[in-house]
Amino acid sequence: RASRRGARAPSRTRGAATSDDDGARGGGVKFALTVARDRAVVEPSRLDAYVAANVPDASASRGRVAAAIKARMVTLNGKTASKPSRALKPGDVIEGELERERASEAKPEPWVKLDIVHEDESVLVVNKAAGMVTHPSAGHESGTLVNAVLGHCDLPELVVPTGNQALSDDDEGDEDAVDEDEGTRDGMIRPGIVHRLDKGTSGVMVVAKDASAHNSLCEQFAARVVRRKYVAILSGVPSPSKGRIEAPIGRDPRDRLRMAVTQGGGRFAASNYEVIATLANGNASLVEWRLETGRTHQIRVHAKHIGHPILGDDTYGGGGGAAVSALSRYGVFDVKEAKALMSTIDRPMLHARTLGFTHPQSGEALDFSRDPPEDFETFASRLADKTDA
């Protein structure tokens, strides 16, 4: 389902830029920008976002700008800039050069089918299947969303960088975000993936089809104005039934391949949840999540933090013996039955149900929705069958 609401796209000023040779993909792009002195507020305020928005070259994505800043190829008021997040003020002078782009290593695979929710000249909205990896990586060189997008768009390569990179091969970073401080890994250029879903998470994603759309969507995610809701099946029932979790997330000091709530460290993270239905007589629940931020594994970590991990999530306490024990409480399931039920799922029961954003070109507010896939619905139904009327 899609709905449209009238909205204005953010206004941008453009800067001067030149290419070393016959195109951005062949050589670096030099630029010189001056922030207007009569501006009360600089928008975008971050150095990387401002350059990406004001350099007219089509390849000047935010990730590519951030990479140039970290490579010490950008100066601010005559001094080398080192932080992409540096705040700008009126009168600032920015000069620099963007590194040559490298083509994506991903090969187009038109035989990898996509569930397309919406498509136009700027964006592609898809319903990602559980089990599909977003980016090619070690062990996942084909069959990814990137491979499928290249094949669908009939392109040999698509030179639009993404935001932050994968935490590992299977857990790709986060439920929904562009890391505001990181560019592309090793300068790798990939199709315009502006956010990700973990391999095991199903649901709605948006892909940018050009650099302008990529920049706009990245800015919307960074400004936290993208509307996204998820549904998950949790162990037990959160209390209260509706609430807000504000707990910083960082790497787990005991296991660097996982994330955790890290008091006194980590990055600000906020999630809102609401119990939609109590399942299995209180041994499980269907819960809707609305994100304010998009940190790595945010919903999975916050669910564990409140003592109600997502069922099927082995990484964060929602699988194995803990899940069987939770489902068999009070005799709702016997242990053998609970084990059999858990064996029917092979991923966290998490689905990105809705996604809304402002269209990069038209300025319309678009909202898209897809119901959870069959494995999710069947599992929820089996739990509901054990719920007293």
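This is a short talk on one protein chain and its fold.

Good morning. A word of caution to begin: the model is predicted.

Let's start with the overall picture. How many helices and strands does the protein have? There are eight helices and 18 strands. The protein has 389 residues, and 54% of them count as buried.

Now the surface. The accessible surface of the protein comes to about 16,600 Å². Carbon and sulfur atoms hold 48% of that area.

Next, contacts along the sequence. Take the contacts between residues at least 6 apart in sequence. Of these, 69% join residues at least 24 apart.

Let's zoom in on one pair of strands. Strand β13 covers residues 249-252, and strand β14 covers residues 255-261. In which sense do β13 and β14 pair, parallel or antiparallel? They pair in the antiparallel sense, over four bridges. Look at D252 on your screen. Its bridge partner is D255, in β14. What do β13 and β14 form together? They form a hairpin, with two residues between the strands. Keep one general point in mind for strands. In a regular strand, side chains alternate between the two faces of the sheet.

Last topic: cysteines. How many disulfides does the protein have? The count is zero, with a disulfide taken as two cysteine sulfur atoms within 2.5 Å. Is C218 buried or exposed? C218 is buried, because its relative accessibility is 2% and the cut-off for buried is under 20%. C153 has a relative accessible area of 22%, so this residue counts as partly exposed.

That's the tour. Thank you.

Methods:
Residues numbered from 1 in each chain as written. Predicted model: local features only at pLDDT ≥ 70, side-chain atom pairs only at ≥ 80, totals over all residues. Heavy atoms only, no water. Buried < 20%, exposed > 50% of the residue type's maximum accessible area, 1.4 Å probe, protein only. Contact = heavy atoms within 4.5 Å. Areas by Shrake-Rupley, 256 points an atom, 1.4 Å probe, with all protein chains shown as cover. Pairing = 2+ DSSP bridges.
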